[in-house]
Amino acid sequence: MHTTLHKSKLLARVRRLRGQVEAIERALETEAGCDQVMHLIAGARGAMAGLMAEVVEDHVLTHLVDDEAHPNALNREAAEQLLDVVRTYLK
């Protein structure tokens, strides 16, 4: 499974994301300005979207268009086009 193969990389992203969420919590506890809180939330949202995009991309490339595992799988070019759309959507 691709999440197992890239476990350390994905866990590093999750840990950075946890740090971002903790920064939001600290900002709220210290009554930081709403503009600062919104920036922190936007950063965490972007990090979560990036994590999702990476997992979706690996899933598609591993389970849907892996030429070795699935020689007659979906069209690789079409899959890349789909992934471009997903990456753009999740930004």
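My entries below go from the overall fold to the charged pairs.

**Ground rules.** I worked with a predicted model, where local features need pLDDT of at least 70, side-chain atom pairs count only at pLDDT 80 or more, and totals for chains, interfaces and linings use all residues. I number residues from 1 along each chain as its sequence is written, and my side-chain values use heavy atoms, with hydrogens and water left out.

**Fold.** I looked up the secondary structure and found four helices and zero strands, in the order α-α-α-α along the sequence. Helices (H or I, at least four residues) and strands (E, at least two) are DSSP runs, numbered from the N terminus.

**Shape.** I then checked the radius of gyration, which is 17 Å for the protein, whereas a compact globule of 91 residues would have one near 12 Å. That radius is taken over C-alpha atoms, and the globule rule is 2.2 Å times the number of residues to the power 0.38. The C-alpha trace spans about 55 × 25 × 10 Å along its principal axes.

**Surface and contacts.** I noted that 20% of the 91 residues count as buried. Buried means under 20% relative accessible area, exposed over 50%, and partly exposed in between (1.4 Å probe, protein chains only). The protein exposes about 6700 Å², and carbon and sulfur atoms supply 59% of that area; the method is Shrake-Rupley with a 1.4 Å probe, and for residues only the protein chains shown count as cover. Among contacts (heavy atoms within 4.5 Å) between residues at least 6 apart in sequence, 53% join residues at least 24 apart.

**Charges.** I counted 11 positive and 14 negative side chains, and the centres of the two sets lie 4 Å apart. Lys and Arg count as positive and Asp and Glu as negative, while His and the chain ends are not counted. Each charge is placed at NZ of Lys, CZ of Arg, CG of Asp or CD of Glu.

**Salt bridges.** How many salt bridges does a search of the whole structure find? I got four, where a salt bridge is a side-chain nitrogen of Lys or Arg within 4 Å of a carboxyl oxygen of Asp or Glu.

**Lys 9 and Glu 54.** These side chains meet in a salt bridge with an N to O distance of 3.2 Å. Lys 9 lies in helix α2 (residues 7-29) and Glu 54 in helix α3 (residues 34-64), so this pair ties together parts 45 residues apart in sequence. Is Glu 54 buried or exposed? I find Glu 54 buried, at 11% relative accessibility, and Lys 9 partly exposed, at 46%. Arg 13 is linked with Lys 9 and Glu 54 in a network of salt bridges.

**Arg 87 and its partners.** Glu 57 forms a salt bridge with Arg 87, their closest N and O atoms being 3.0 Å apart. This pair links distant parts of the chain, with Glu 57 in helix α3 and Arg 87 in helix α4 (residues 76-89), 30 residues apart. I also see Arg 87 in a salt bridge with Asp 84, at 2.6 Å from N to O. Arg 87 and Asp 84 are both in helix α4, three residues apart, which is about one turn of the helix.
- Glu 57 is partly exposed at 24%.
- Arg 87 is partly exposed at 25%.
- Asp 84 is partly exposed at 43%.
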